Amino acid sequence: METVKLSRIVTKLTPEMHPFLTSEELNSYIVLRDGLGVLRRQDALEIIQQSIYEQQKDAVMH
């Protein structure tokens with residue numbers, strides 16, 4: 001198991017997504033069962049999607 005910031009995942013696997021994420025999202029910690037070394041691009045995109053959801057789920061829409 002390995003705990004890393006989302007920014008590290010983004011930098012390594014999906015750097016083009018960096019401008020679309022907030023600093024709060026990028027600074028969130030992600031626990032990876034098998035570590036960063038075996039993570040694939042598709043896995044990273046799913047983690048990013050879930051992180052965005054978690055950050056916005058309690059937001060109030062006006």
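Modeller: Let's start with a definition: a residue is buried when its relative accessible area is under 20%, exposed when it is over 50%, and partly exposed in between. Please keep in mind that this is a predicted model.

Biologist: Thanks! Is M17 buried, exposed or partly exposed, and why?

Modeller: M17 has 22% relative accessibility, so it counts as partly exposed. You will find M17 in the loop between α1 and α2 (23-26).

Biologist: What does M17 touch, not counting residues up to four places away in sequence?

Modeller: With those neighbours set aside, M17 touches V10, L45 and I48. Take L45 as an example: M17 and L45 are 28 residues apart in sequence, and their C-alpha atoms are 9.0 Å apart in space.

Biologist: Let me step back to the whole chain. How many helices and strands does it have?

Modeller: The chain has 3 helices and 2 strands. Reading from the N terminus, the elements run β-α-α-β-α.

Biologist: And how compact is the chain?

Modeller: One way to judge is to compare the radius of gyration with a rule for globules. The chain's radius of gyration is 12 Å, close to the 11 Å that the globule rule gives for 62 residues, so the chain is as compact as a globular protein of that length. Along the principal axes, its C-alpha atoms fill a box of roughly 40 × 25 × 20 Å. Among contacts with a separation of 6 or more, 69% are between residues 24 or more positions apart.

Biologist: What share of the residues counts as buried?

Modeller: Of the chain's 62 residues, 31% count as buried. As for the accessible surface, it comes to about 4,600 Å², and 53% of that belongs to carbon and sulfur atoms.

Biologist: Which residues have the most contacts inside the largest nonpolar core?

Modeller: Here is the general idea: in soluble globular proteins, nonpolar side chains tend to be buried together. In this model, the largest nonpolar core has 14 residues, and those with the most contacts inside it are L6, I9, V10, I30, L32, L39 and I47. The elements giving two or more residues to this core are α1 (6-13), β2 (29-32) and α3. With 4 residues, α1 gives the most. Look at I9 too: leaving out residues up to four places away in sequence, I9 touches V4, T14, I30, L32, L36, L39, A44 and I47.

Biologist: How do I check the length of a helix such as α3?

Modeller: Compare the expected span with the distance between the ends. At 1.5 Å a residue, the 16 residues of α3 should span 22 Å, and its end C-alpha atoms are 23 Å apart, which agrees.

Biologist: Which residues of α3 are buried, and where do they lie?

Modeller: The buried residues of α3 are A44, I47, I48 and S51. Viewed down the helix axis, they fall within an arc of 100°, so they line one face of α3. What covers them includes α1 and β2.

How values were computed:
Residues are numbered from 1 along each chain as its sequence is written. This is a predicted model: local features need pLDDT of at least 70, side-chain atom pairs count only at pLDDT 80 or more; totals for chains, interfaces and linings use all residues. Side-chain values use heavy atoms; hydrogens and water are left out. A nonpolar core is a set of buried Ala, Val, Leu, Ile, Met, Phe, Trp, Tyr and Cys residues joined through side-chain atoms within 4.5 Å. Buried means under 20% relative accessible area, exposed over 50%, partly exposed in between (1.4 Å probe, protein chains only). Contact means heavy atoms within 4.5 Å. The expected span of a helix is 1.5 Å times one less than its number of residues. The arc is that of the directions from the helix axis to the C-beta atoms. The radius of gyration is taken over C-alpha atoms; the globule rule is 2.2 Å times the number of residues to the power 0.38. Accessible areas come from the Shrake-Rupley method with a 1.4 Å probe; for residues, only the protein chains shown count as cover.
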